[in-house]
Amino acid sequence: MSPVLVFDLGKVLVDFDYSIGARKIAARSTKQLPDLHGFIGNSEILHRYETGLLSRRQFFDEMRNLTGFSGDLDEFVSYFANIFLEIPAMIQLHADLRRRGFKSFIFSNTNDIAIQHIRHNFPFFANFDGYIFSYEVGAMKPLPKIYEAMEKMCGARGGEIIYIDDRPENIEAGASRGWKTVLHATPEQTRAALAGLKCL
């Protein structure tokens with residue numbers, strides 16, 4: 001059986017910059033937080049949203065209460081979502097692996113606003129066999145529950161899975177389950193690692 005390829009999304013297949021959205025949200029807000037960019041990326045509110053504990057509307061309401069954002073939900077969503085760029089070399093790497101017949105899956109700590117935007121704007125996103133998102137599972141990497149969900153979805157375990165992620169703690173959790181892992185730093189290094197694993 002050929003191994004399955006499991007890809008993290010953010011900073012692996014797409015880059016993102018919370019400061020893009022933070023600047024637009026701040027410009028429409030009455031309460032100026034000293035570091036809205038840092039807050040958005042690391043807040044307990046975002047963690048609850050990406051764990052499925054808050055709905056989109058509840059997340060918006062909490063952010064609006066905190067910032068004094070004066071726009072509506074749709075405006076907020078447009079600012080919060082439009083922060084992503086494809087990483088072309090990684091999109092090409094994934095396409096090369098697909099041409100060689102490998103199954104591939106997305107495995108991401110994320111939220112429904114981000115996924116809706118990426119699905120609508122980036123065609124590569126449709127070319128996977130399945131998707132595990134933290135907000136749907138109710139757990140974020142590196143918690144075991146979300147890794148168990150991926151194993152169930154892809155029908156593979158242990159060394160049958162090759163996992164690519166940029167976060168060491170997430171990689172360590174995969175390795176502890178026997179997954180083969182690639183700590184992503186650059187497309188060139190990841191391509192070389194996958195070549196070493198006989199995928200290319």
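This is a predicted model: local features need pLDDT of at least 70, side-chain atom pairs count only at pLDDT 80 or more; totals for chains, interfaces and linings use all residues.
Residues are numbered from 1 along each chain as its sequence is written, and side-chain values use heavy atoms, with hydrogens and water left out.

Along the principal axes, the C-alpha atoms of the protein fill a box of roughly 55 × 30 × 25 Å. The protein has 11 helices and seven strands; these are DSSP runs numbered from the N terminus, with helices being H or I of at least four residues and strands being E of at least two. Of the 200 residues, 50% count as buried. Buried means under 20% relative accessible area, exposed over 50%, and partly exposed in between (1.4 Å probe, protein chains only). The accessible surface comes to about 9,500 Å², and carbon and sulfur atoms account for 52% of that area. Accessible areas come from the Shrake-Rupley method with a 1.4 Å probe, and for residues only the protein chains shown count as cover. Among contacts with a separation of 6 or more, 65% are between residues 24 or more positions apart, where contact means heavy atoms within 4.5 Å.

Leu5 is found in strand 1 (residues 4-7) and is buried, with a relative accessible area of 0%. Its C-alpha atom is separated by 6.1 Å from that of Tyr163, which is 158 residues away along the chain. When residues up to four places away in sequence are not counted, Leu5 touches Leu97, Phe102, Lys103, Ser104, Phe105, Ile162, Ile164 and Leu194. His94 has its place in helix 6 and counts as buried at 3% relative accessibility. With neighbours within four places in sequence left aside, His94 is in contact with Phe7, Ser104, Asn127 and Phe128.

Aromatic pairs were also searched for. The whole structure contains 26 of them. Rings of Phe, Tyr and Trp (its six-membered ring) pair if their centres lie within 6.5 Å; planes under 30 degrees apart count as stacked, over 60 as edge-to-face and the rest as tilted. Phe125 and Tyr131 form a tilted pair, with 5.0 Å centre to centre and 40° between the planes, and both residues are buried. The ring of Tyr131 also pairs with that of Phe133; the centres are 5.9 Å apart and the planes are at 35°, so this pair is tilted. Both Tyr131 and Phe133 are buried. One aromatic cluster is formed by Phe16, Tyr18, Tyr49, Phe59, Phe60, Phe69, Phe76, Tyr79, Phe80 and Phe84.

Two of these rings have a charge over them. The charged end of Arg119 sits over the ring of Tyr131, 5.9 Å from its centre, and Lys11 lies over the face of Phe16 at 4.8 Å from the ring centre. A charge sits over a ring if NZ of Lys or CZ of Arg is within 6 Å of the ring centre and within 35 degrees of the ring normal.

The count of salt bridges comes to 15, each being a side-chain nitrogen of Lys or Arg within 4 Å of a carboxyl oxygen of Asp or Glu. Glu44 and Arg48 meet in one of them, at 2.5 Å from N to O. Both residues lie in helix 3 (residues 44-50), four residues apart, which is about one turn of the helix. Asp96 and Arg191 form another salt bridge, at 2.8 Å from N to O. Asp96 lies in helix 6 (residues 88-99) and Arg191 in helix 11 (residues 187-196), so the pair ties together parts that are 95 residues apart in sequence. Asp96 is buried, with a relative accessible area of 16%, whereas Arg191 is partly exposed at 30%. In the salt bridge between Glu151 and Arg157, the closest N and O atoms are 3.6 Å apart. Glu151 is buried, with a relative accessible area of 6%, and Arg157 counts as exposed at 56%. Asp8, Lys141 and Asp165 are linked in a network of salt bridges.
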